[in-house]
Amino acid sequence: MFRSRSKDEQAATAKVTADQPQQPRDPQAPKGRPTPKRSDSQSQRRARAHTPTNRKDATKAQREARRADLARQREALANGDERYLPARDKGPVRRFARDYVDSRWCVAEFFLPMAVVILVLTMIRVPSIQSIALLLWLVIIVLIVLDSALIWFRLSKRLQEKFPNENLKGVKAYAVMRTLQMRRLRLPKPQVKRGQRP
């Protein structure tokens, strides 16, 4: 087991290595790696040439890259392009939740206009009108809570049916928060019409 190799084995090994042609190798080239093509080395040189050398240029390049990314994100939010959406809006589950909310009328989307009306009514110094305004506040808040709960449970059921193996954490809250925005101010822009079920 630990004996030295026989002379026949040593001769066979020497013969195999002698049969292989000896290629002269550049002493600067790393062992086992072929020389890179000229086009590859030139492109690498160009890439290194465009790398900023000082901190000010590097910061400026980062700022420009960030601006380009934000511009792409804004465009994606306007037209619904999945590739450039922010992380919170990406994926088929979030898209389904958005489409589910955008396809129906929600009480919460009328909160801001109603709040303005109620605020104007409370400024009128007539006690009966002020009591109506307070009652309207109560009614609108109760309706929003009921509608949000209804959306929460119905969407939960639909998500379980459609995406049984997906991570659904935070999707229902995402959908309910979307209902609080007026339809034309929602981002990403709605991709379905009202009544068009996803």
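Begin by selecting Arg 72, which is partly exposed with a relative accessible area of 37%; here buried means under 20% relative accessible area, exposed over 50%, and partly exposed in between (1.4 Å probe, protein chains only). Arg 72 and Asp 69 form a salt bridge whose closest N and O atoms are 2.5 Å apart; a salt bridge is a side-chain nitrogen of Lys or Arg within 4 Å of a carboxyl oxygen of Asp or Glu. Because Arg 72 and Asp 69 are three residues apart in helix α3 (residues 55-79), about one helical turn separates them. Helices (H or I, at least four residues) and strands (E, at least two) are DSSP runs, numbered from the N terminus.

This is a predicted model, in which local features need pLDDT of at least 70 and side-chain atom pairs count only at pLDDT 80 or more, while totals for chains, interfaces and linings use all residues. Residues are numbered from 1 along each chain as its sequence is written, and side-chain values use heavy atoms, with hydrogens and water left out.

How many salt bridges does the structure hold? There are eight. For another of them, select Asp 147 and Arg 104, whose side chains meet at 3.7 Å, N to O. This pair links distant parts of the chain, with Asp 147 in helix α6 and Arg 104 in the loop between α4 and α5 (111-123), 43 residues apart. Asp 147 is buried at 11% relative accessibility, and Arg 104 is buried with a relative accessible area of 11%.

Next, select Glu 109 and Arg 194, a salt bridge with its closest N and O atoms 2.9 Å apart. Glu 109 lies in the loop between α4 and α5 and Arg 194 in the segment after α7, so the pair ties together parts that are 85 residues apart in sequence. Glu 109 is buried, at 5% relative accessibility, whereas Arg 194 is partly exposed, at 26%.

Finally, turn to the largest nonpolar core, where Val 93, Ala 97, Leu 155, Leu 159 and Phe 163 touch the most other members among 14 residues. A nonpolar core is a set of buried Ala, Val, Leu, Ile, Met, Phe, Trp, Tyr and Cys residues joined through side-chain atoms within 4.5 Å. Helix α4 gives the most to this core, with five residues.
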